[in-house]
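Try each task before you read its solution.

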Amino acid sequence: MARSTSRTVAADSTTEPAATLVQYSSQFGYSAAGTATGQRRRGGSGRRSPWLIALGAVLPLLILGFWQLTASLQWVPAYLLPSPASVWSAAVDLAERGYLWTDVGISVQRVLIGFGVGAAVGLVLGSVVGLSRVASAFFAPTVGALRAVPSLAWVPLLVLYIGINEDSKVTLIAIGAMFPVYTTVAGALRHVDPHLVELGGAYGLGRFQLLRQVQLPAVVPSVVSGLRLALAQSWLFLVAAELIASSMGLGFRLLDSQQNGRIDRMFLVIILLGILGKTTDALIGLLERYLLKRWG
Amino acid sequence: MPSTDASPTAPALSVSLDGVGRSFPASTAGEPDRRVLRDISLEIAPGEIISLLGPSGCGKSTLLRQVSGLDRPDEGVVTIDGSPLVGIDQRCAIGFQEPRLLPWRTLEQNVALGLPHGTPRSAGRERVSQLLDLVQLGDAKHLRPRQVSGGMAQRASLARALSRGPGVLVLDEPFGALDALTRLTMQDLLLEIHAAEPATILLVTHDVDEALYLSDRVVLLGTEPGERAGSGAVIRSIITVPGSRPRDRGDSTLAHLRAELLQGLGVSIHHPAHTF
Ligand SMILES: Nc1ncnc2c1ncn2[C@@H]1O[C@H](COP(=O)(O)OP(=O)(O)OP(=O)(O)O)[C@@H](O)[C@H]1O
Ligand SMILES: [Mg+2]
């Protein structure tokens with residue numbers, strides 16, 4: 001589990017309301033994301049054996065087999081549980097009509113832009129608050145209060161101010177992505193080992209060199225784990241935004257399929273969300289491996 | 001022996017402590033401050049090696065922090081080479097009691113942190129690799145701190161302090177985590193470097209023999225008998241070690257100094273009637 005993350009959150013007086021959600025998502029697939037101290041499996045050197053990789057495919061295959069069995073023996077009526085084959089043909093059907101690509105494309109685009117903007121803002125704000133006591137005293141209470149507002153509560157305001165369009169959805173995702181990054185970065189910078197900071201001072205590092213040579217490298221693992229949590233949040237808020245008001249995208253397709261009783265499409269969208277979420281997370285995992293090899 | 005041409009090292013500087021005292025706020029409100037050090041006055045000549053000896057918690061590390069400028073005494077002044085300290089002093093290099101290596105850097109890169117600013121790249125590399133060889137870490141220079149033992153980390157930390165080529169070298173238990181043999185080797189190394197690049201060295205140790213072997217004078221720190229615990233440690237005695245370096249480790253003339261120091265530390269030196 002992300003040790004430094006929990007330390008950060010616990011050490012921060014204003015624990016974020018989405019913490020349960022964050023912790024929930026961090027139980028899955030975010031294994032060593034934030035272990036800033038102690039034994040971390042080093043990226044690169046320990047190449048995972050193909051057997052272990054294959055082992056990860058066993059459970060999905062078992063589930064698929066059981067699903068097929070359940071459907072073909074009709075243990076559950078088809079209007080509640082479509083067969084894998086019908087989900088596949090729903091996918092083919094949607095792809096042929098062109099909906100599949102627009103839905104996936106627009107959703108991925110929204111997540112990437114929202115995540116990018118939110119993470120960048122969170123990074124800057126978190127750095128400022130984490131590095132400067134004065135800035136922390138000035139900003140932290142306000143940001144903490146804003147963070148305490150469940151992010152979905154912004155939806156009506158966003159719709160009123162920005163309208164039902166791309167910008168409002170991306171903004172919502174950015175809000176969702178910003179806070180995990182802000183929290184982890186600010187907390188991590190504040191808790192960089194004071195011994196090491198003192199060491200830097202003792203060897204004559206100025207403020208900027210101290211930041212570059214000691215503080216930033218020390219928080220790299222936390223930043224990456226913050227990015228991972230932010231990405232998970234981005235997908236969450238994407239679906240929320242698209243369920244609420246949208247005419248394209250995976251969330252819209254989910255709602256649309258429910259209204260039309262197309263349970264096969266609903267299954268398809270959920271599976272796609274799982275695959276896309278896991279893929280983007282794996283990309284950040286690659287980044288993490290690289291960064292930890294360098295800075296871990 | 002390190003050649004001095006790899007990087008110009010600063011000449012040894014005098015250090016003077018005049019009535020230095022340091023108190024810390026009490027842990028519970030309302031109580032008076034806890035005084036750790038008081039009335040510490042000591043003149044250290046350029047190039048002298050001084051060992052600080054004293055029971056754990058008596059304020060040795062605290063005193064070193066005053067000398068390096070990491071901490072400010074609330075009484076008295078510290079001067080290096082005649083000028084009073086203001087803030088962290090770059091003429092002084094410190095080896096901390098803990099290795100304090102940056103975990104994301106290799107040992108080599110960690111040692112390089114100690115190089116004086118503006119050292120040319122190639123000269124810096126050369127000096128770092130020389131020092132790593134001297135502290136017997138030549139084979140380990142590409143390892144990260146978490147991949148090395150405590151003693152190796154401590155030697156890297158020593159090399160980092162040495163790489164600065166400082167006028168004043170302050171070392172907090174530099175050989176504390178080493179096995180007996182490596183410890184002896186490192187003591188000789190320190191003396192070799194001192195002979196090649198004289199620096200004023202102030203080091204803390206718990207080892208009476210080490211203090212006698214290395215230093216010109218041994219300073220015994222402790223609370224005066226009869227004083228209550230919170231009154232602050234003073235210099236109990238200063239012992240000038242006779243003879244010049246390199247000393248004979250088995251020198252019997254040092255035996256009485258050894259006994260005196262052990263007694264000062266509160267160690268009973270009565271020989272037990274029945275031995276094993
Ligand atoms: N920053 C601080 N705040 C409060 N008290 C401190 C601080 N630094 C040191 N002290 C106190 O000063 C006393 C001396 O500490 P110091 O680290 O100098 O001991 P020491 O002689 O180096 O001991 P050791 O041999 O165990 O390293 C201790 O009682 C410690 O609690
Ligand atoms: Mg100490």
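**Exercise 1.** Are A:Phe66 and A:Trp75 buried or exposed?

*Solution.* A quick note on the ground rules: this is a predicted model, where local features need pLDDT of at least 70 and side-chain atom pairs pLDDT 80 or more, while totals for chains, interfaces and linings use all residues. Residues are numbered from 1 along each chain as written, chains are lettered from A and ligands numbered from 1 in written order, and side-chain values use heavy atoms, without hydrogens and water.

Step 1: take the cut-offs, with buried under 20% relative accessible area, exposed over 50% and partly exposed in between (1.4 Å probe, protein chains only).
Step 2: A:Phe66 is exposed, and A:Trp75 is too.

**Exercise 2.** Which magnesium ligands does chain B supply, and how exposed are they?

*Solution.* Step 1: donors are N, O and S atoms within 2.8 Å of the metal (3.2 Å for Na, K and Ca); water is not among the atoms, so sites may look incomplete.
Step 1: B:Ser61 (OG) and B:Gln97 (OE1) coordinate the magnesium ion (ligand 2) at 1.9 to 2.2 Å.
Step 2: B:Ser61 is partly exposed at 26% relative accessible area, and B:Gln97 is partly exposed at 37%.

**Exercise 3.** Where do charged ends sit over rings?

*Solution.* Step 1: look for NZ of Lys or CZ of Arg within 6 Å of the ring centre and within 35 degrees of the ring normal.
Step 1: A:Arg253 has its charged end over the ring of A:Tyr99, 4.8 Å from the centre.
Step 2: in chain B, B:Arg100 lies over the face of B:Phe96, 3.7 Å from the ring centre.
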